[in-house]
Amino acid sequence: MKRKILLVEDHPANIEMLRMGLELLGYTVTVAEDGEEAVELAAAELPDLIVMDILLPKVSGLEAVSRIRSNPKTKAIPILAATALAMPGDMEKCLKSGCDAYIAKPFTPKQLAAAIEKLLKDRSESS
C-alpha cells in the first residue's frame, strides 16, 4: 500500500516540483496551500507523514504544527519542516514547535527522500 504524504506548501512551482518528486518515489500526495488547510487535511486524511513549509498564508506552519500536535487523532503523525527559514536558531524553533525533523530549502530530491524515509522508518520502529 502506498504511503500518504501531506505536502504543505504555498508556492505553485514548489508544489509541482515536490509533488512530482514524491509521486516518483511512490507516495500518494495531498496538497495544502496554507496552515489552516493543513490542519483540516491532516485530520481528514491521516497521512503517514507531513512535509510542512513554515512561511505560509493564513496560519503559519509553526501554528499549524501546534494545532496538529494538540489533536489526539493527528498528534503522532511525523512532521518534516521543509523551509527557507535557515537562520541560526530556526531549526531549533521548528523542532521545539513539534516538528520531528528539519530540512532547509533549497534541498535536493535525494536529501528530501532521505529525511522522509528516516522519519517513516523511525515511526514504524516505534509502533
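Is Lys-58 buried or exposed? I looked this up to start, keeping in mind that the model is predicted. Lys-58 is exposed, with a relative accessible area of 65%.

**Entry: the partner of Lys-58**
I found a salt bridge between the side chains of Lys-58 and Asp-34, 3.7 Å from N to O. The two residues are 24 apart and link distant parts of the chain. Asp-34 sits in the loop between strand 2 (28–32) and helix 2, Lys-58 in the loop between strand 3 (49–52) and helix 3. I also checked Asp-34, which counts as buried at 9% relative accessibility.

**Entry: helix 2 against helix 3**
Next I looked at the helices themselves. The axes of helix 2 (residues 35–45) and helix 3 (residues 61–70) come within 9 Å and cross at roughly 20 degrees. That angle is under 35 degrees, so I note the two as roughly parallel. The crossing is right-handed. On the helix 2 side I listed Gly-35, Ala-38, Val-39 and Ala-42, which meet Ala-64, Arg-67 and Ile-68 of helix 3. I sorted these contact residues into 5 nonpolar, 1 polar and 1 charged.

**Entry: other salt bridges**
My search of the whole structure gave 9 salt bridges. One of them joins Lys-93 to Asp-90 at 3.7 Å; both residues lie in helix 4 (residues 90–97), about one turn apart. Lys-93 is partly exposed at 44%, whereas Asp-90 is buried at 7%. In helix 5 (residues 109–126), Glu-125 and Lys-121 are 4 residues apart, and their side chains meet at 3.2 Å, N to O. Glu-125 is exposed, at 54%. I also noted a salt-bridge network linking Glu-9, Asp-53 and Lys-105.

Technical notes:
Residues numbered from 1 in each chain as written. Predicted model: local features only at pLDDT ≥ 70, side-chain atom pairs only at ≥ 80, totals over all residues. Heavy atoms only, no water. Axes fitted to C-alpha atoms, helices over the stretch in contact; angles between N-to-C directions. Parallel < 35°, antiparallel > 145°, perpendicular 65-115°, else oblique. Left-handed = near helix turned anticlockwise from the far one by under 90°. Contact = heavy atoms within 4.5 Å. Nonpolar A, V, L, I, M, F, W, Y, C, P; charged D, E, K, R; others polar. Salt bridge = Lys/Arg side-chain N within 4 Å of Asp/Glu carboxyl O. Buried < 20%, exposed > 50% of the residue type's maximum accessible area, 1.4 Å probe, protein only.
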